[in-house]
Every structure is written in structure tokens, then in C-alpha cells.
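Hi,

Here's the structure I promised to pass along. Have a look first, and my notes on the salt bridges follow below.

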Amino acid sequence: MTERALRLGTRRSKLAMAQSGHVADAVRQLTGRPVELVEITTYGDTSREHLAQIGGTGVFVAALRDALLDGEVDFAVHSLKDLPTAQHPDLVLAAIPKREDPRDVLITGEGLSLDRLPKGARVGTGSPRRMAQLHAYARSHGLDLTCVPIRGNVDTRVGYVRKGELDAVVLAAAGLNRIGGTEELLGGLSAEHLPVDFMLPAPGQGALAVECPASNSDLVATLAALDDPQTRAAVTAERTLLAALEAGCSAPVGALADILADAPGHGQVVTEMRLRGVVGTTDGSTLVQLSTTGPVPTSYDEAAALGRELAAEMLAKGAAGLMGERL
């Protein structure tokens, strides 16, 4: 007798379907069971307001969580950066698979780059975090650019540049990589990966969250095989920093935890984790950017402690006064 298909809840967007499709393939290989994608429309998908206006936190997540709690789906896949930092009491973050590239990408006309944008360039992004860091970079490098709030899927955003309505847009590298067909999508345009030295990503950017009801212990145990411990440690530190700053995912906060290995020729022994964080005003006039380094966390508590430590240092430097959204 064939086992019932596992129902995977996903948003309807092209990117969400691609992300969920990758997880569905992994679960099929893991369990030998069929996996059915169940498309769910979230408030964030239907609202035309800018994310900063509707709060950002949870707007792409609530409907998926309702479907989980109502038994309409067995598990769900989220972009981790969209997930509220407080864990739902009846749900479990069963797996955080290996992270994709966390960086941001600047899409421009052919042959252009950030430093070669024309005077008065209009750069599309709906992210206060990106606005703060782009404007700060422009101020320090003598560039003249304006960030324009935009929304829409990857194709829509790239279309603004292709039609000449904007000089550039900023996207997450992970989304481009997961959708695939980048050459066809960007044909005739340039893509520049922005260094994390001046453009820290959103906490959890590039990582996926696989969530299921806490009551389904068998599925929780099965999905745990998809978990990547280093990714989980890194994003736990980043998201704890965000929570300790009392900020939501639409606040101008960037964070990235990465593993530091010994120098080449020494066996690449992983010894430390570095956590970097930034908070800034959206006009880029003020940034608080700090980092801390500690042993690679071996537990949730150790990773969270790294995030709280850096948050305390950033708050002491005035980070609280730079965030528009306080929860």
C-alpha cells in the first residue's frame, strides 16, 4: 500500500515554489514518500503596501502557520529571514538546511557597477537595511544615488532595470540561485555581488526554515536529517542579535555569522565564529557596525549568547535610536 503523500505548504511565488521544490526533492529522497506542494496565499503576497509599512515580521508566514496548525499541510518551508524571531509554541523549526549565498546582488545595465552608476542614480529596494548601507556607502565614496522603495517578484524587479525605470535594483543572491535560469533572466544586464564588508545581509538571509507541528514527533525526527548544524548555529546567532535589539525583519538591521577556519595548509580546522552586525538610519548618515568572535557554538544557548553579546555592545553604542520599528 502506497503511503499518503506528505503535504508541503508553500507560498505561491516563483521563488517560494523553487525553494519548496528543493526541499520536497530532499524529503522524497529521505523518506521514499511522495511530497505534494500545497500553495498558500499569505497577506504579504496580496498586500501592495511596502513591507516597512505593514510591519514585515510574519506577513509571509502567518497563513502557512495557520495551515500547519489546522492540519491542512504536514510541514512548511519559509525563507528564514521572514520568520519572526520568537518560536511558535506549537510548532518546531525541524530543519535549517545548508545555507545558500547570503549576499545581496546589484542588478544594473550592462557594463555598470555600483561605483559606475550615473549621478542621481535610482536604486530600487524595499529594504530599510539595504537603503541604510547603500546610502552610507554612497556618502563615503562620493556617489550620488537615491533608493526607491519597490516590491514584487524577481522578474518584476529586474524588469524595472530592463525598462529603464530604475538604474539598478538589489536582490538576494540566494533567490537568483534557487530560481535558476539567471542568464536568461538577466540577459543584457550586469549582476554585481555586493561584498558583506559594506552590505551585511538580513539576519538569516539565504537560509530556509522547515517547520512542522510539535505534535508530529515522527516527522520532526525525519526532517531533522535535513538540518545543517553550522547553518543553524550561524542563523541562531544572527536572529538572536535581531531579537535582542527588539527589532523586526523590516528594521534596518544587517547581520552575518561566518565560520573562521585556520590558514590553508593547516587542515582547515574550524575554530571560531565571527558575528557582524549593523544598524543604521535609512539615509546612511549614521551606522553602528560592530563584530564579535567566539568559539564555534555547539548548542543553541552558545549561539544565542553570541548574538546577545553583540546586541548589548551595539545598544551601548546607540543602536536603539536608529531603528524605525520597535516591537
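Does Arg-99 count as buried or exposed? Its relative accessibility is 17%, and the cut-off for buried is under 20%, so Arg-99 counts as buried. Keep in mind that this is a predicted model.

Arg-99 has a salt-bridge partner in Glu-238, with 2.9 Å between the closest N and O atoms. That pair links distant parts of the chain: Glu-238 belongs to helix H10 (residues 229–244), while Arg-99 is in the loop between S4 and strand S5 (104–109), 139 residues apart. Glu-238 is buried too, at a relative accessible area of 0%.

Another one to click on is Asp-82 with Arg-11, a side-chain salt bridge at 3.8 Å, N to O. Asp-82 lies in the loop between strand S3 (75–79) and strand S4 (91–95) and Arg-11 in strand S1 (residues 6–11), so this pair ties together parts 71 residues apart in sequence. Both Asp-82 and Arg-11 are buried.

Then there's Arg-12 with Glu-39, at 3.2 Å from N to O. Arg-12 lies in the loop between S1 and helix H1 (14–31), and Glu-39 is in strand S2 (residues 35–40), so the pair ties together parts 27 residues apart in sequence. Here the accessibility is 46% for Arg-12, which counts as partly exposed, and 39% for Glu-39, also partly exposed.

There's a network as well: salt bridges with shared partners join Asp-197, Asp-258, Arg-274 and Arg-276. The total count of salt bridges comes to 16.

Cheers

Note on methods:
Residues are numbered from 1 along each chain as its sequence is written. This is a predicted model: local features need pLDDT of at least 70, side-chain atom pairs count only at pLDDT 80 or more; totals for chains, interfaces and linings use all residues. Side-chain values use heavy atoms; hydrogens and water are left out. A salt bridge is a side-chain nitrogen of Lys or Arg within 4 Å of a carboxyl oxygen of Asp or Glu. Helices (H or I, at least four residues) and strands (E, at least two) are DSSP runs, numbered from the N terminus. Buried means under 20% relative accessible area, exposed over 50%, partly exposed in between (1.4 Å probe, protein chains only).
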